[in-house]
Amino acid sequence: MAESVAAVCRPRPVTIVGSGFAAAAVILHLSKRGVPCKQMRVLGPAPLGAGHAYGCKCPYFRLNVRTDIQRIWPDEPMHFDQWAEQIIDDPDSAHPAGNFYRRADYGRYLSEQLHALPDFNDLDHRESLAQEVMAVDSGWMVQCEDGARYVTTHLIVATGNPEPQWPVPLESLETSGLVKNPWKGEWLDTLDPRARICLVGSGLTAMDAIHALDQIGHQGPIRVLAPHGLLPPRQVNWTPQHPLDWPHHLRGSSFVRFMRKALSGAGWTEIEWQERFEALRVNLSSAWQTLPLEDRRRLLRRLGWLWSLCRFRASPQTVESAERLQSRGQLRLVKGRMKYLRRTGRAWDIGYADQQNLEADVVVNCTGMGHDPLLTGMIQHNLIQALESSLSPRVNMQMQLFTRAGDTHQNLFCLGSATGLALGDIVGSTSIARQAARLSEALIADQTE
């Protein structure tokens, strides 16, 4: 499996940058279409398939969707569920709304899917971080942080969610008590049980942290710095309904009016509302792509936070933990955005509004904020085209990136969260798996032409 690392390593026809869920989905779908593993190389530092989402150390971090929604094979909704029933011993996963398994167990499932490939040992996985992409006569060259360079004909950028960054500059070189990346959960192992906690952000990462703190019996106060003073609603036992047909070529205001009309008459915690929302999502991306770019950006800026709360609903287990901690007065939501973060003695001072601040012993970054330096570099070096006045790549439905001149690269692809501005609602695992299936079709078509 290993090859000697030289200045430029032996080429392979397909190189995948990234080692998380998106990379695993690409490998599985390419293999399903007959691409042998010996033609593939993966460049990514994490265990294959784990990434940020499923490489958890904490047993209390749970999937936020039930098993029939969490798919690697879009047309086989019960594939993970059937595997879980046979393999996983997790009585706490069961709920009337469905089974919500641990994130780490979904990582195990992905690993088993990969290792079940008959030629998996022929895959070349280099556990190194890709830093730069260059065009060469034979296709593409990727340089990694260890100095090694890899040449390939077809390059797939599947980097997933970037490493989170603090939303403000740090006013101190001291970092003890700061948790920049909470996704693995190892920070919980050494936590003082009476520490004052501040969770910055109020989405699913915050919900994971809240549930874990409840489960380990944390005794100290927990404050959630929530920009809009809300936590996500809980998932309920909704049933898929007939997809709604979106009008195309709307403007931003009429786009929002259509959504409001479709969702009116019920609260977001009710089954009927969630069924309508899921029916609305099915064809949303195609309508999104017909919006003028400025309207897309304006909608994300003004309503992106609300869409994320509606879209990424929390597992019932995490919501129950939040309600339990709130009823004891231990958990409190603080409406505001971080303005500064500085050290004061042995504590952290978090400013969130004019003349208002919090003090905490431990500050956990739950914002998910970050940027992808590899794609940014490709845009800045004119290898690919960005959507106007943004650092978001332009990509088509076959997941092909565009050249600076506006043509499609036939052998350069991207999938996952980076394609959101261009393509719409694509962040969930099933959406990314569908992208991987389309990408594999396009790549096979290019190889056979």
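## The parallel sheet

An open sheet of five strands runs in the order S9-S16-S10-S11-S12, with parallel pairing. Strands (E, at least two residues) and helices (H or I, at least four) are DSSP runs numbered from the N terminus, and two strands pair if DSSP finds at least two bridges between them. The edges are taken by strand S9 (178-179) and strand S12 (331-335), each of which has a single partner strand, so one side of each is left without a neighbour in the sheet. S9 is joined to strand S16 (residues 362-365) by two bridges, and these strands run parallel. Valine 179 has valine 364 in S16 as its bridge partner.

This is a predicted model: local features need pLDDT of at least 70, side-chain atom pairs count only at pLDDT 80 or more, and totals for chains, interfaces and linings use all residues. Residues are numbered from 1 along each chain as its sequence is written, and side-chain values use heavy atoms, with hydrogens and water left out.

## Helix H5 and its partner

Helix H5 (residues 204-215) packs on the sheet, touching strand S10 (197-200), strand S11 (222-226) and S12; contact means heavy atoms within 4.5 Å. The direction of H5 makes about 155° with that of S10. Axes are lines fitted to C-alpha atoms, for helices over the stretch in contact, and angles run from 0 to 180 degrees between N-to-C directions.

H5 also packs with helix H10 (residues 316-327) at an angle of about 65°, their axes being 8 Å apart. Residues of H5 in this contact include Met207, Ile210 and His211, and those of H10 include Gln317, Thr318 and Val319. By class, the contact has five nonpolar, five polar and two charged residues. Here Ala, Val, Leu, Ile, Met, Phe, Trp, Tyr, Cys and Pro count as nonpolar, Asp, Glu, Lys and Arg as charged, and the others, Gly among them, as polar.

## The cavity

The count comes to one cavity of 30 Å³ or more. On a 1 Å grid over the protein atoms alone, a cavity is a set of points where a 1.4 Å probe fits but cannot get out, and lining residues have an atom within 4 Å of a point. The largest cavity has a volume of about 40 Å³, volume being the space filled by probe spheres set on the points.

Among its lining residues are Arg62, Asn64, Leu204, Met207, Asp208 and Thr318. H5 gives the most to this lining, with three residues.

## The hairpin

Strand S13 (residues 340-344) and strand S14 (residues 347-353) run antiparallel and are joined by five bridges. Tyrosine 340 stands opposite glycine 351 in S14. The hairpin has two residues between its strands, and glycine 345 takes a positive phi near 70°.

Terms used: 1 Å grid on protein atoms, 1.4 Å probe; cavity = no way out; pocket = protein on both sides within 12 Å on 5 of 7 lines; lining within 4 Å.
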